[in-house]
Amino acid sequence: MAVQDVKPTRSELQDLQKRIKLSQNGYKLLKMKRDGLILEFFKILNQARGVREELDAAYAVAVEKVNLASAVDGSFTLKSASFAVDAVPTIELKSTNIMGVVVPKIEGSDVHKPIHQRGYGLVGTDAYIDDVADAYEILVEKIIVAAELETTMKRLLDDIEKTKRRVNALEFKVIPEFEEQVKFIRLRLEEMERESMSSLKKIKKKKAAQA
């Protein structure tokens, strides 16, 4: 609302003062939320960096193991063992709350299994196949953890940006506009009061002259 469109009344002044107080309280709360979310973001960022390094290392190991097993046992034997796996990992997606932001909680079951539960027979396979299975199960575990952390980071970052825009809007637009309107009303009220006093003096002088 433009300053000129504000009604220069005391009731409007009181209403604006209440709005300023509410806006200032909202600004403080949003700023605290923004700062808290930033701290949480960097805390998770440090975890994610470590998990990403572990994920890259696990991937490199898995590729090395599968190449070695393929060279020793042949790709046909390796594929046969992989097709024999019947118990696939299950992923359960839940959610948790970080300062009002809903973030995912990903849990995997039947990911890292004992040798006898992998589905392929122990006869006809060797340790190279077991190493491949073990390496890829570890890799899947790392992927699950990385997915949870990186999705959480994205949602926190989105909410940080949203909260930051609201904080900036209150600090640089809403509150200054309200304060400018308050200033305008006070000036107009003072001007109207002076005009009223001047008119009153004129009336008194006129009455005195008539008397």
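Residues 146-209 are 100% helix and 0% strand, and their end C-alpha atoms lie 92 Å apart. Helices here are DSSP runs of H or I with at least four residues, and strands are E runs of at least two, numbered from the N terminus. UniProt, in an unreviewed entry, lists residues 146-209 as "coiled-coil region"; such annotations may be inferred rather than shown by experiment.

Please note that this is a predicted model, in which local features need pLDDT of at least 70 and side-chain atom pairs count only at pLDDT 80 or more, while totals for chains, interfaces and linings use all residues. Residues are numbered from 1 along each chain as its sequence is written, and side-chain values use heavy atoms, without hydrogens or water.

I turn to helix α1. Spanning residues 10-73, α1 has 64 residues and reaches 90 Å from first to last C-alpha, close to the 94 Å expected at 1.5 Å a residue. After α1 comes G74, with a positive phi near 95°.

How do α1 and helix α3 cross? Their axes come within 4 Å and cross at roughly 165°, with α3 covering residues 127-210. The two helices are therefore roughly antiparallel (angle over 145 degrees). Their crossing is left-handed, meaning that the near helix is turned anticlockwise from the far one by less than a right angle.

Finally, the aromatic rings: the count is one pair, with centres within 6.5 Å as the criterion. The rings of F41 and F42 have centres 5.5 Å apart and planes at 80°, so the pair is edge-to-face (over 60 degrees).

Definitions and conventions
Phe/Tyr/Trp six-rings, centres within 6.5 Å; stacked < 30°, edge-to-face > 60°. Expected span 1.5 Å × (residues − 1). Axes fitted to C-alpha atoms, helices over the stretch in contact; angles between N-to-C directions. Parallel < 35°, antiparallel > 145°, perpendicular 65-115°, else oblique.
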